[in-house]
Amino acid sequence: MGREVKRVHIDFDMFEREKDGTWKGYLLDRIECPLCEGTKKNLKDKACPVCYSEGEVSPTIEPPTGWDLEKTSGYQIWQDVSEGGPVSPVFLKPEDLAQWMVCNDNSVTRDTTYEGWLKFIKEESSAPSMAMMGNGLQSGVAALNNEEDK
Ligand SMILES: [Zn+2]
């Protein structure tokens, strides 16, 4: 199970609605490819660059980030099992999120310290890949903890 930090809109209340639920924006039904309309090829008779010749695509709706990251977006921890979903509420400050994780986390990362979470949240959320479904934070948090142990 992996963990990652996402910047999401402070009013995104998915966690409050459905604790440990999967974000259904990642589970939408496949639709006919909007470019090739199911023919699997583009007009130049090459492989369709949208669906990679499958004729269908899986639409994805990312959680909202707001227009101004600094003003309207907070930090939230996500898990990447079963497609992904939030495992914490959204907090404006990394410090508040780190504190919440220390008090409420009872998953595989429960041994992570406040300092470990804070470091992870700040470093991961400033990485360019933060909005992607990455390798997850299991390795990230573990690596941080290993650093702390030395
Ligand atoms: Zn296509």
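Predicted model: local features only at pLDDT ≥ 70, side-chain atom pairs only at ≥ 80, totals over all residues.
1. The length of H4 checks out. Its twelve residues should span 16 Å at 1.5 Å a residue, and the end C-alpha atoms lie 16 Å apart, so the two agree.

2. Ile121 of H4 leads on to the largest nonpolar core. That core holds 17 residues, and Ile77, Leu97 and Ile121 have the most contacts inside it. At least two core residues come from each of strand S1 (3-9), helix H1 (14-17), strand S4 (73-79), helix H3 (94-104) and helix H4 (114-125). In soluble globular proteins, nonpolar side chains tend to be buried together.

3. Look next at Leu97. Leaving out residues up to four places away in sequence, Leu97 touches Tyr75, Ile77, Ser88, Phe91 and Ile121.

4. Seven of its seven residues are buried, so S4 is largely enclosed by the rest of the structure. Ser73, Tyr75, Ile77 and Gln79 point one way. Gly74, Gln76 and Trp78 point the other way. In a regular strand the side chains alternate between the two faces of the sheet.

5. Which way do S1 and S4 run, parallel or antiparallel? They run antiparallel, joined by seven bridges. Arg7 stands opposite Tyr75 of S4. Tyr75 is also one of the residues that Leu97 touches.

6. S4 also pairs with strand S5 (residues 85-86). Two bridges join them, and the strands run antiparallel. Trp78 has Pro86 in S5 as its bridge partner.

Methods:
Residues numbered from 1 in each chain as written. Core = buried A, V, L, I, M, F, W, Y, C linked by C-beta atoms within 7 Å. Buried ≥ 20, exposed ≤ 12 C-beta atoms within 10 Å, placed from the backbone. Helix = DSSP H or I, 4+ residues; strand = E, 2+ residues; numbered from the N terminus. Contact = placed C-beta atoms within 7 Å. Pairing = 2+ DSSP bridges. Expected span 1.5 Å × (residues − 1).
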